[in-house]
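Biologist: I should like to learn how to read a structural model step by step. May we take one feature at a time?

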Amino acid sequence: NKMKPSDKTAIADGSGSSSVVYVGGWKTTFGSNHEAVALYRISLGIFLFFELAFRFQYLHAFYSDEGTLPLRLLLPKTDTLYQVICIHCYSDSMPYLQMLLSIQVLLAAMLIVGYKTKVASIGSWILYLSLTLRNTWLNFILDRYFHYLLFYSM
């Protein structure tokens with residue numbers, strides 16, 4: 001099993017000598033480096049930040065009890081698992097919804113700057129899932145992609 005020259009990488013150790021390391025196979029196929037993961041996390045955080053910031057202006061119209069889908073119409077049609085997962089269905093008050101969306105924006109900012117990224121990605125995924133479950137009439141393909149991307153970021 002001979003290695004091709006393209007499968008070898010020279011690594012200098014500072015002493016003037018260099019060694020050759022095999023970098024092919026599964027690690028090359030499925031691996032990633034820290035810079036790529038950081039770029040993914042930062043890009044996802046920026047997209048999520050702006051998506052959530054734009055939703056602030058529609059919070060009253062689409063997510064409150066005075067909007068298009070009041071909780072009194074939604075909750076009788078859902079099961080208990082739905083009601084447990086959808087944190088946005090716990091209360092219909094605007095301050096509660098504003099607090100949840102503010103936490104989501106804060107978690108997106110944490111993804112951007114790289115502070116506690118595991119907590120930020122898990123929290124962002126859970127709260128984004130809850131937000132989209134609150135009014136399923138507003139779900140678009142972008143929401144599905146955000147769910148996938150946030151899940152992969154964990």
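Biologist: Is Lys 116 buried, partly exposed or exposed?

Modeller: The class follows from the relative accessible area: under 20% is buried, over 50% is exposed, and values in between are partly exposed. In this predicted model, Lys 116 has a relative accessibility of 49%, so Lys 116 counts as partly exposed.

Biologist: Where does Lys 116 lie, and what is the value of its phi?

Modeller: Lys 116 belongs to the loop between α6 and α7. Its phi is near 45°, a positive value in a residue other than glycine.

Biologist: What is the overall secondary structure of the protein chain?

Modeller: The protein chain has eight helices and two strands. Along the sequence they follow the pattern β-β-α-α-α-α-α-α-α-α. Of the 154 residues, 31% count as buried. Among contacts with a separation of 6 or more, 62% join residues 24 or more positions apart.

Biologist: How does one describe two helices that pack together?

Modeller: Two packed helices are described by the angle between their axes and by the distance between those axes. Helix α2 (residues 34-55) and helix α6 (residues 94-113) pack at an angle of about 160°, with their axes 7 Å apart. Angles over 145 degrees count as roughly antiparallel, and α2 and α6 are therefore roughly antiparallel to each other. Their crossing is left-handed.

Biologist: Which residues of α2 and α6 meet?

Modeller: From α2 come Arg 41, Ile 42, Gly 45, Ile 46, Leu 48, Phe 49, Leu 52 and Arg 55; from α6 come Leu 101, Gln 104, Val 105, Ala 108, Ala 109, Leu 111, Ile 112 and Val 113. By class, this contact of α2 with α6 has twelve nonpolar, two polar and two charged residues.

Biologist: What does Val 105 touch beyond its neighbours in sequence?

Modeller: Val 105 is placed in helix α6. Its relative accessible area is 16%, so Val 105 is buried. Leaving aside neighbours within four places in sequence, Val 105 is in contact with Phe 49, Leu 52 and Phe 56. Val 105 and Phe 49 are 56 residues apart in sequence, yet their C-alpha atoms are 5.7 Å apart in space.

Biologist: How does α6 cross α7, and by which residues is the contact made?

Modeller: The axes of α6 and α7 come within 9 Å and cross at roughly 145°. This crossing is left-handed. Among the residues that make the contact are Leu 100, Ile 103, Leu 107 and Met 110 of α6, and Val 119, Ala 120, Gly 123 and Leu 127 of α7. By class, the contact of α6 with α7 has twelve nonpolar, five polar and no charged residues.

Biologist: And what of α2 and α7?

Modeller: The axes of α2 and α7 come within 12 Å and cross at roughly 35°, in a left-handed crossing. Arg 41, Leu 48, Glu 51, Leu 52 and Arg 55 of α2 make the contact with Thr 117, Ser 124, Tyr 128 and Leu 131 of α7. These residues divide into four nonpolar, two polar and three charged.

Biologist: How far should α7 span, and how far apart are its end C-alpha atoms?

Modeller: At 1.5 Å a residue, the 18 residues of α7 (residues 117-134) should span 26 Å, and the end C-alpha atoms are 25 Å apart, which agrees. For α6, with 20 residues, the reach from first C-alpha to last is 29 Å, close to the 28 Å expected.

Notes:
Residues are numbered from 1 along each chain as its sequence is written. This is a predicted model: local features need pLDDT of at least 70, side-chain atom pairs count only at pLDDT 80 or more; totals for chains, interfaces and linings use all residues. Side-chain values use heavy atoms; hydrogens and water are left out. Axes are lines fitted to C-alpha atoms, for helices over the stretch in contact, and angles run from 0 to 180 degrees between N-to-C directions. Helices (H or I, at least four residues) and strands (E, at least two) are DSSP runs, numbered from the N terminus. Angles under 35 degrees count as roughly parallel, over 145 as roughly antiparallel, 65 to 115 as roughly perpendicular and the rest as oblique. A crossing is left-handed if the near helix is turned anticlockwise from the far one by less than a right angle, and right-handed if clockwise. Contact means heavy atoms within 4.5 Å. Ala, Val, Leu, Ile, Met, Phe, Trp, Tyr, Cys and Pro count as nonpolar, Asp, Glu, Lys and Arg as charged, and the others, Gly among them, as polar. The expected span of a helix is 1.5 Å times one less than its number of residues. Buried means under 20% relative accessible area, exposed over 50%, partly exposed in between (1.4 Å probe, protein chains only).
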